[in-house]
Structure formats: structure tokens, C-alpha cells
Amino acid sequence: MTTHQKIDDDVIHGEWHVRYNYSVGAIAGTFFTGLREGKILASLCSKSGLAYLPPRAYCERSFEPCDDWVQAGLEGELEAATIVTAAFENLPTPPYAIAYVRLDGVSTAMVNFVRGLDLRDVPAAAAKLAPGTRIKVVFKDQREGRITDFHYELA
Amino acid sequence: MPKQHVAVVGVGQMPFRTHHADKNYVELAQTAAQAALSHAGLTPDDVDAVVFSMAPTQFMGVNDCDKWASEYVWATGKPFMRVSTGGATGGSAFQAGYQHIASGMFKCVLVVGADRVAETPDAQHVLNLIWDRFYEHDFALNTVTMTALAAQRYMHRYNVTEEQFARVVVRARRNAAGNPYAHLTKQVTVDDVMNSPRVSYPYKRFDICPRSSGAAAVVLCDEATAKRAKCGRPAWVRGATGISHSVFMGDRMTYWSDTEFADHDGFNLCAKECYRQAGIIDPLHDIQVAEIYDPFSTFLFPQLESLGFCARGAAAAIHDEGGFDLEGGILAVNPSGGTLCTNPIGVTGLVRAADAALQIMGEAGTNQIKGVHNAVATAIGGSTQFFTCTVLSDDHS
């Protein structure tokens, strides 16, 4: 056990391929139906007054069921952003910008890509994405009832 | 309240690096377990239960490889559990071990784990898979981008610059050079950090931890076992707390939020309770060493603030002046070089506790701080979501 022989076969290659069908449920289902119609629906708790995006079945403040839906504004305020310039395996080709935006009338912020910005000069682009910046929602023409049916742009 | 006092009497680590070609995953864990027991002067027969510290299994490519590991860490015939809270896993596992003994039901618990983050080139893809498939998964969130979002928000709240984060890297590498287990020990300058390739604003490559492989273990025991262990100066666990948030980071960054994403302020609540347990009144006066979970250069300032070492937004300026240096500072921060220099994700929180324990024991080598009575160790996991805070002390009364 004192010396290790040189090991020729020092790794064995392997891959995982696993397929899923993710169950959507009634809450996300309502949200996705709204997206098809060009609406962003937030779940509302009448007890706490909080409107959630992404929508929730229960309010995390009151522990009561969210009992209504409200239509979020299609503009809002940026809360946090980053500009990605490095490639990660299985993730989008850079550059791209990601932001959390609180849409008008909603209590929480929701993540999406910010498109339509020149990202070649990263600090200059970052300066345009300061928290508090007004942002608008832009829907795709052909919607599939998926979160990727819209993205953000500077308002 | 604990039913009995709990001490760290042995720690084991191995030098962390990108690959360990001479051992497989479970043999890494076994090496750390053996080292910790040997350090404590105890044997596997002394151990009543084993807590296994293991984050995403996909890094190893063996499904739930705690099952593979149990025999290798001498859990056969004993209670065995895996703990997983993402990056906080090691902190949570340490606390689970502590709670086993504090409950009065166990005398000696081995907390052990290993990780091999570089075994797959798809690590950030694996980390992207922690988000739900409906709302957030599609937007390229991973540990780098999610924390870059928090850092950008923090910079705007407190007018902190990229250069100030770069100085954290310079200081971390300087400390890591004195730690024989650290992964990145090459010295860098602020210019080196600023000129390294941009990854995700505000991060450049050198603002980001390495993908480390290696293992760590800690032996926790009651007072009677501590007396017969080889440890002359046990590190007593005086406070151990954790807090969880929603996975949705967007819940923590608006006017209506009750916690603030940019401030890592899970620690605000978590540390207050931990200090209460430990009898710490003024953290800056009572605590001499902080082992802070900082896989990115931006993690240090908000945590030091939320842990009560300085006012909100003040940490960067104090850091600029050398206030968190090992010599001449107001607090010795990450004598080990921290997570920025070494990040074996599934055991990183355990390494923070182990390094804090070595400082209490007086066995931290080149970077031993003089007169350490209390040390704090933190960990964060999930979507900046799970927080653990642990205070170790040279005294249990």
C-alpha cells in the first residue's frame, strides 16, 4: 500500500439519460392558460394582500390559500440583473441578460431574460440594468402556454 | 437546550484539488473518516452513529451514493443518515451530528462526506436543475448567475465596486497559501482579478471558487468521550442554528419582502439565535475567528454585516482598510482561505466548521490566530435559501 502503480485506465466514461413528464397542477395550469391569452396571472391572498409571481397555492405570509387571481401589469421595475458572457454546458449561448422584475400590481419579482440590449460592453450594459429601471413584458406571437412565451425589454 | 455538552474532538481533511486520481468517491470519504478518528484518538467502535454530508448526487454520477459510502465510513451496524441542503449541506450535517449528541441519545457521532465536483463537465447544468421546471429553470439560473444577481443588487444598494470584491480574492489567496488543504493558493493581484475573463456580471473568473474534489470529517462527542479522546483542547459547540427560505429568490427582493436577497439576511435571524445560545453579546468583541461560506468574492460583505460584525454596507470599506486581515484586523476572517479557494460543495460547510474547530484547538498551523475563544462558521445552500450558523468555543460553561 505504500506506492501506487501508474493506472492506465484512470476513468470510465458514463452518461445519464433520464426522461420526465412534469405534472403541472391547477395553479401553474391556470398561469399557463393565461400566458396563451397574453396575460400574466398572479395568485392573490385576500388576507395578506400579497400577489405572487410565480403563483402559489398558499400564501407564505398568512398560510392561507391564495383565493383569487389578478392580472399583472405588463411593465414593472427591475430588482436584480446579471449579464452572462461565459458558456455553461447545456445552457444558452452567451451573451445574455437575466433579470428579476416586479411587475406592477404584484408583490414579488419574477425572472426572465432581458432582450434587445447591446451586451458587447458589459459594464455599459450593466449600467442600463440598475435596480429600479422600468422594464416591459414582450410576448411572442405564437404562444405555447410556457414561461418562455414572453421576455423582458427596457421600457 | 442541549441535554449534554457537545465537543469537536477530531477533524480530518485531505488536500483539495480538481481531481484525485488515486481514489474513488467512497475511498475519499473513508480517508477523511480515518483521519478524523485518528486525530481524535478514537476508533470506529467508539462511533454510535454516522451523518453523511452529501449534496447533488449527479456530480458523482451514482444515484444517492450515500448508499455506496455507508460501509466505507464504518456505518455498518449503526444509524446512518444523509443530509443535503445544497451548499449548506456540510453545515446542516454538522448540526445534525451535534443534535444527535445534544439530545442525550448518542455519545459519539462521525460526520463525514466527500465531493467530486469536477467529475462531470456539466456541473453548472446539474446546478441549474435545482430550479422548478415551470417558472425558473429556463432562465439559465445556476450557482454563478443566481449569486451574480444578488451581488449586482448589493452593489447598487451600498455603492460597492468590482475592485472592492477583487480585494477579497487577493486576501483569500494570501490566507489559502498558509493552509495545506486549500485548492487555489496561487497569489493574485487586484489587476489579475479585474483582467480575468468576465463570466456573469459582476463576476470575473477569479471572483469564483474552483470545482474541488476531496473529503472532510468531524468527530463530535459528549463530555465523557471528550475526556478520553486525544484532544487537549476540544472545540465545544455552543450555538447551532439554521433557517430556510422559499426557493423563489424574487420573493426576497421587493418592498413587501420580509428578508433581503442581497444582504444574505437569513443570517440576521439565524445568527441572533445562535449568539443567544452561545452567550455572545457583542460578536466583534466575543468572536475572534469567522469561517464564512464565500464561494464568490461577493459573499463576504453581506454575511459579515448580517452576522453583526459591522453595520449594513460598511464591510467593504472596513475590508479595504485591512479590517478583516489575519493580523491587525478587527476580526480574523477565513484564515483557511475560505470557500473562494476551496469548494468541494457537499462538504464545504463541514470544512468551515472543521477549520473553525482547528482554530479553537490551536492546531491551525501557519494561520493559527492567537487567543481564540470563540469562532463562528457559516454555510449557505439552495437558491441562497438555506443558512446555517455555528459557534464553537474553548469553553462549555
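Ten strands of chain B make an open sheet with mixed pairing. Their order is β3-β2-β4-β7-β1-β8-β12-β11-β9-β10. The model is predicted. Helices α3(B) and α13(B) both pack on strands of chain B, and chain A contacts chain B through 41 of its residues.

**Sheet of chain B**

- The edge strands are β3 (80–83) and β10 (332–333) of chain B, each of which pairs on one side only.
- Strands β2 (residues 49–53) and β4 (residues 108–116) of chain B run parallel and are joined by five bridges.
- B:Phe52 has B:Val112 in β4(B) as its bridge partner.

**Helices on the sheet**

- α3(B) lies across β2, β3, β4, β7 (213–221), β8 (235–244), β11 (374–381) and β12 (386–393) of chain B.
- The direction of α3(B) is at about 165 degrees to β4(B).
- α13(B) touches β1 (7–13), β2, β4, β7, β8, β9 (289–291), β11 and β12 of chain B.
- The direction of α13(B) makes about 175 degrees with that of β11(B).

**Contact of α3(B) with α13(B)**

- Helix α3 (residues 89–102) and helix α13 (residues 345–361) of chain B pack at an angle of about 60 degrees, and their axes are 5 Å apart.
- That angle makes α3(B) oblique to α13(B).
- From α3(B), the contact takes in B:Thr89, B:Gly90, B:Gly91, B:Ser92, B:Ala93 and B:Phe94.
- From α13(B), the contact takes in B:Gly346, B:Val347, B:Thr348, B:Gly349, B:Leu350, B:Val351, B:Arg352 and B:Ala353.
- By class, the residues of this contact are six nonpolar, seven polar and one charged.

**Helix α3(B) itself**

- Its 14 residues should span 20 Å at 1.5 Å a residue, and the end C-alpha atoms of α3(B) are 19 Å apart, which agrees.
- Of the 14 residues of α3(B), 13 are buried, so the helix is largely enclosed by the rest of the structure.
- B:Gly104 follows α3(B) and has a positive phi, near 90 degrees.

**Helix α1(B)**

- Helix α1 (residues 25–40) of chain B has 16 residues, which should span 22 Å at 1.5 Å a residue; its end C-alpha atoms lie 23 Å apart, which agrees.
- Twelve of the 16 residues of α1(B) are buried, so α1(B) is largely enclosed by the rest of the structure.
- The buried residues of α1(B) include B:Tyr25, B:Leu28, B:Gln30, B:Leu37 and B:His39.
- Several alanines are also buried in α1(B), among them B:Ala29, B:Ala32, B:Ala33 and B:Ala36.
- The buried residues of α1(B) pack against β1, α2 (66–69), β4 and β7 of chain B.
- Just after α1(B), B:Gly41 has a positive phi of about 70 degrees.

**Where chain A meets chain B**

- The contact brings together 41 residues of chain A and 38 residues of chain B.
- On the side of chain A that touches chain B, β4 (75–84), β5 (96–103), β6 (110–114) and α2 (122–127) of chain A each give two or more residues.
- β4(A) gives the most, with six residues.
- By class, this side of chain A has 27 nonpolar, nine polar and five charged residues.

**A loop residue of chain A**

- A:Pro92 sits in the loop between β4 and β5 of chain A.
- A:Pro92 is partly exposed, with 14 other C-beta atoms within 10 Å.
- A:Pro92 and A:Arg115 are 23 residues apart in sequence, and their C-alpha atoms are 13 Å apart in space.

Methods. Residues numbered from 1 in each chain as written. Chains lettered and ligands numbered in written order. Predicted model: local features only at pLDDT ≥ 70, side-chain atom pairs only at ≥ 80, totals over all residues. Axes fitted to C-alpha atoms, helices over the stretch in contact; angles between N-to-C directions. Helix = DSSP H or I, 4+ residues; strand = E, 2+ residues; numbered from the N terminus. Parallel < 35°, antiparallel > 145°, perpendicular 65-115°, else oblique. Contact = placed C-beta atoms within 7 Å. Nonpolar A, V, L, I, M, F, W, Y, C, P; charged D, E, K, R; others polar. Pairing = 2+ DSSP bridges. Expected span 1.5 Å × (residues − 1). Buried ≥ 20, exposed ≤ 12 C-beta atoms within 10 Å, placed from the backbone.
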